[in-house]
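I open the model and look up its pocket, its annotated residues and some of its salt bridges.

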Amino acid sequence: MLLIEAKDYNDMSRKAANIISAQVIMKPHAVLGLATGSTPVGAYKQLVEWYNKGDLDFANVTSVNLDEYKGLSPENDQSYRYFMNTNLFNHVNINKESTFVPNGLEPDSEKACAAYNEIIRSVGGIDLQLLGLGNNGHIGFNEPGAAFEKETHCVDLTESTIQANKRFFEKVEDVPTQAYTMGIKNIMQARKVLLIVSGEGKAEILDKVLYGPVTPQVPASILQLHNDLTVVADEAAMSVIKAKHR
């Protein structure tokens, strides 16, 4: 595990974007596993900036996203497809047909998940998987207790996740209660994993993830067993680790 401390959110974003851009430069046909949420927004912004300067070329890149809400169309402004288009894909020269997100409109969960596993296999697996970290240690929508051996599956969102997401919707009834997500197995099969963490609110859970026991109760703790894990965390997110382990 390589643990990189960043000064603040902007520095974390820049360092993460550096690692992603190095992957694309070294392997122009790279398959990137991408994440949504507030944490990676700054990294995507930095990638767009470098693309606009002519430093990056996404023409041959393929992307597979971690998850999508079940029941939301790609045009819905809360869907993860919409998020990716808005924050990254619309601003770089990636071929949209090479960007994959689970099909939230497929009502048959087994069909949707099998199709997504097949997509990941057909593109040759993931070269670099970007991850944020949930307050309870979830990665993707793999909530505490999620089986480590699962591939893409349909999850019932926990009450805490629904509450965390309700700020994005007009009313809590509009918040999707299920999502399709890559499983821990898909994530662990990525050749390289990049976990980015920001803010004091994540300090306790980051310590548990990196230095606590490997347990399904803290889904991201499995990353301790990955043979190529890079963690970029800002000072606030590192505060507990520095107090306890440094």
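**Entry 1**
I am working from a predicted model. I started with the residue classes in the lining of the largest pocket: 12 are nonpolar, 18 are polar and four are charged. The volume came next, and I noted about 860 Å³ of space in this largest pocket. I then listed the residues closest to the pocket centre, which are Thr 36, Gly 37, Ser 38, Tyr 80 and Asn 165, out of 34 lining residues. Which element gives the largest share of the lining? I found that it is α3, with five residues.

**Entry 1. The UniProt record.**
I looked up the UniProt annotation, which is an unreviewed entry. Under "active site" the record lists Asp 67, Asn 136, His 138 and Glu 143. I checked this set against the pocket and found Asp 67, Asn 136 and His 138 in the lining of the largest pocket. The record also has a domain feature, "Glucosamine/galactosamine-6-phosphate isomerase", again from an unreviewed entry, at residues 13-227. Over residues 13-227 I noted 32% helix and 14% strand, with the end C-alpha atoms 23 Å apart.

I took Asp 67 from the record's list and placed it in strand β4. Is Asp 67 buried or exposed? Its relative accessibility is 4%, so I count Asp 67 as buried, the cut-off for that being under 20%. Leaving out neighbours within four places in sequence, I found Asp 67 in contact with Thr 36, Tyr 80, Val 101, Pro 102, Gly 140, Phe 141, Tyr 180 and Thr 181. Thr 36 and Tyr 80 had already come up among the residues closest to the pocket centre.

**Entry 2. Asn 136.**
I then went to Asn 136, which sits in the loop between β6 (128-131) and β7 (153-156). With 23% relative accessibility, Asn 136 counts as partly exposed. With neighbours within four places in sequence set aside, its contacts are Glu 143, Pro 144, Ser 160, Ile 205, Gln 217 and Pro 219. I note that Glu 143 is also on the "active site" list of the record.

I looked up Ser 13 in helix α1 (residues 9-26). Ser 13 counts as buried at 3% relative accessibility. Not counting residues up to four places away in sequence, Ser 13 touches Gly 42 and Ala 43.
The other one was Ser 63, in strand β3 (residues 62-65). Ser 63 counts as buried at 1% relative accessibility. Leaving aside its neighbours within four places in sequence, I listed its contacts as Leu 32, Leu 34, Phe 89, Ile 94, Ser 98, Thr 99 and Phe 100. I also checked Ser 63 against Val 101: the two are 38 residues apart in sequence and 8.4 Å apart in space, C-alpha to C-alpha. Val 101 is one of the contacts I had written down for Asp 67.

**Entry 3. Salt bridges.**
How many salt bridges does the structure hold? I noted 10. One of them pairs Asp 11 with Lys 15, with the closest N and O atoms 2.9 Å apart. Both residues lie in helix α1, four residues apart, which is about one turn of the helix. Lys 15 is partly exposed, with a relative accessible area of 28%.

I then followed Asp 127. Its salt bridge with Lys 27 has closest N and O atoms 2.9 Å apart. Asp 127 is in the loop between α4 (109-122) and β6, and Lys 27 is in the loop between α1 and β2 (31-34), so this pair ties together parts that are 100 residues apart in sequence. Asp 127 also meets Arg 191 in a salt bridge, at 2.8 Å from N to O. Arg 191 lies in the loop between α6 (184-188) and β9 (192-197), so that pair ties together parts that are 64 residues apart in sequence. I wrote down one network of Lys 27, Asp 127 and Arg 191, joined by salt bridges that share partners.

Last, I looked up the accessibilities in this network. Asp 127 is buried, with a relative accessible area of 5%. Lys 27 counts as partly exposed at 35% relative accessibility, and Arg 191 counts as partly exposed at 42%.

Notes. Residues are numbered from 1 along each chain as its sequence is written. This is a predicted model: local features need pLDDT of at least 70, side-chain atom pairs count only at pLDDT 80 or more; totals for chains, interfaces and linings use all residues. Side-chain values use heavy atoms; hydrogens and water are left out. On a 1 Å grid over the protein atoms alone, a cavity is a set of points where a 1.4 Å probe fits but cannot get out, and a pocket is an open set with protein on both sides within 12 Å along at least five of seven lines; lining residues have an atom within 4 Å of a point. Grid points are joined across faces, edges and corners, and a volume is the space filled by probe spheres set on the points. Helices (H or I, at least four residues) and strands (E, at least two) are DSSP runs, numbered from the N terminus. Ala, Val, Leu, Ile, Met, Phe, Trp, Tyr, Cys and Pro count as nonpolar, Asp, Glu, Lys and Arg as charged, and the others, Gly among them, as polar. Buried means under 20% relative accessible area, exposed over 50%, partly exposed in between (1.4 Å probe, protein chains only). Contact means heavy atoms within 4.5 Å. UniProt positions are given in the numbering used here, feature names are shortened, and annotations may be inferred rather than shown by experiment. A salt bridge is a side-chain nitrogen of Lys or Arg within 4 Å of a carboxyl oxygen of Asp or Glu.
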